[in-house]
Amino acid sequence: MTSTHTPVNPGSPDPAATADSPDDAAADGAPVMLALHQTALGGPEVLRLTELPRPAPGPGEILVAVHAAGLNPTDFKHRAMSIFLPPPPLTLGWDVSGTVVETGFGVTLFQPGDEVFGMLPYPYGAGSHAEYVTGPTRAFAAKPAGIDHVQAAALPLAALTAWQALVETAGLRAGQRVLIHAAAGGVGHLAVQIAKERGAHVTGTASAPKHAFLRELGADACIDRRSEDFTDTEDRYDVVLDALGGQTATRSVSVLRPGGVLVSLVPQAEDTPAAAKKAQVRAVGLLVEHDRAGMRAIAELVDRGRLRAHVSGTFPLAEGARAHALGETGRTTGKLVITVR
């Protein structure tokens, strides 16, 4: 399993390189921080490095000094349009790895100085693309000692999604066959590893140049999504993990054996439920949830060397707009990470 932490060439000046400072951000002398903030919906250019009040932990919360924060497709979508979150102003980011600075009333699991990683409650807990963030204690777990903050920050949302889809929703077990769409992506490449750890036979769809990467992760078979039809096979799967949605979801029903499970991470086509019912398979849509038990299971896999994020690029907080622009191309392998400290 491979990982790179090579920063992407920043090229031309970034629109977020200059910090905005609201007049009232530190008017009362309260602590402040820098955040990748937006006051309007739109393209990456709406993201600005902005000075904001530093949050304080409430009851049951911890304040984390962010060392690194993962970037996910949901960040791009919420930056551009209103989906779950209220309209701007807002600071995005759900993945976080960092150090506990302060604990709120009632917190017993962590203390200042502890290194933690986790996913802020999705979707309403966004805010990790900043120097500091608060979140409920049980959204976090101890950061695995064998990886750095960049690696840790790449894991939470994508790994929890894969874990909740394959293990908790589909009940994937040894000897079963699973098809993973977009297997070289953020969720997909972690799902390949989790499925192999469960003892499953794994087939992944990806462009041909990424097949060697998938086989290195443990994939047993690869399908070129550009030149091959994944339904043109006699193989039948017990589980399909679908990160593409739409008609891909409906077409995936045809490759499931009766009693199989289709788990979609984005909306399915309108005809998917009827097709699933006719084929006697289960078709569900999954929205990832923060989960301390899941984070600890992921940490345990990391500690045993069975799970590792592939980081294809890192960007400092001031270049977050460029990270969004690259991520939206859909051509990256694995994850992009924003570095803060």
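Is Tyr124 buried or exposed? Tyr124 is exposed, because its relative accessible area is 61%, where exposed means over 50%, buried under 20% and partly exposed in between, with a 1.4 Å probe and protein chains only. The structure is a predicted model, in which local features need pLDDT of at least 70 and side-chain atom pairs count only at pLDDT 80 or more, while totals for chains, interfaces and linings use all residues. Residues are numbered from 1 along each chain as its sequence is written, and side-chain values use heavy atoms, with hydrogens and water left out.

Tyr124 sits in the loop that runs between β6 (115-119) and β7 (132-136), strands being DSSP runs of E with at least two residues and helices runs of H or I with at least four, numbered from the N terminus. Together with Met81, Ile83, Phe84 and Leu287, Tyr124 makes a nonpolar surface patch of about 500 Å².

| Residue | Relative accessible area | State |
|---|---|---|
| Tyr124 | 61% | exposed |
| His201 | 26% | partly exposed |
| Val239 | 2% | buried |

Val239 belongs to strand β12 (residues 237-242) and, leaving aside neighbours within four places in sequence, is in contact (heavy atoms within 4.5 Å) with residues including Leu166, Ala170, Arg177 and Val178.

On a 1 Å grid over the protein atoms alone, a pocket is an open set of points with protein on both sides within 12 Å along at least five of seven lines, and lining residues have an atom within 4 Å of a point. The largest pocket has a volume of about 1,300 Å³. Of the 44 residues that line this pocket, the closest to its centre are Pro73, Lys77, Val187, Ala243 and Val266. The largest share of the lining, 5 residues, comes from α1, and β10 is among the elements that each supply at least two residues.

How values were computed: Patches are made of residues with over 30% relative accessible area and no salt bridge: like charges are joined within 9 Å, nonpolar side chains (Val, Leu, Ile, Met, Phe, Trp, Tyr) within 5 Å. Accessible areas come from the Shrake-Rupley method with a 1.4 Å probe; for residues, only the protein chains shown count as cover. A salt bridge is a side-chain nitrogen of Lys or Arg within 4 Å of a carboxyl oxygen of Asp or Glu. On a 1 Å grid over the protein atoms alone, a cavity is a set of points where a 1.4 Å probe fits but cannot get out, and a pocket is an open set with protein on both sides within 12 Å along at least five of seven lines; lining residues have an atom within 4 Å of a point. Grid points are joined across faces, edges and corners, and a volume is the space filled by probe spheres set on the points.
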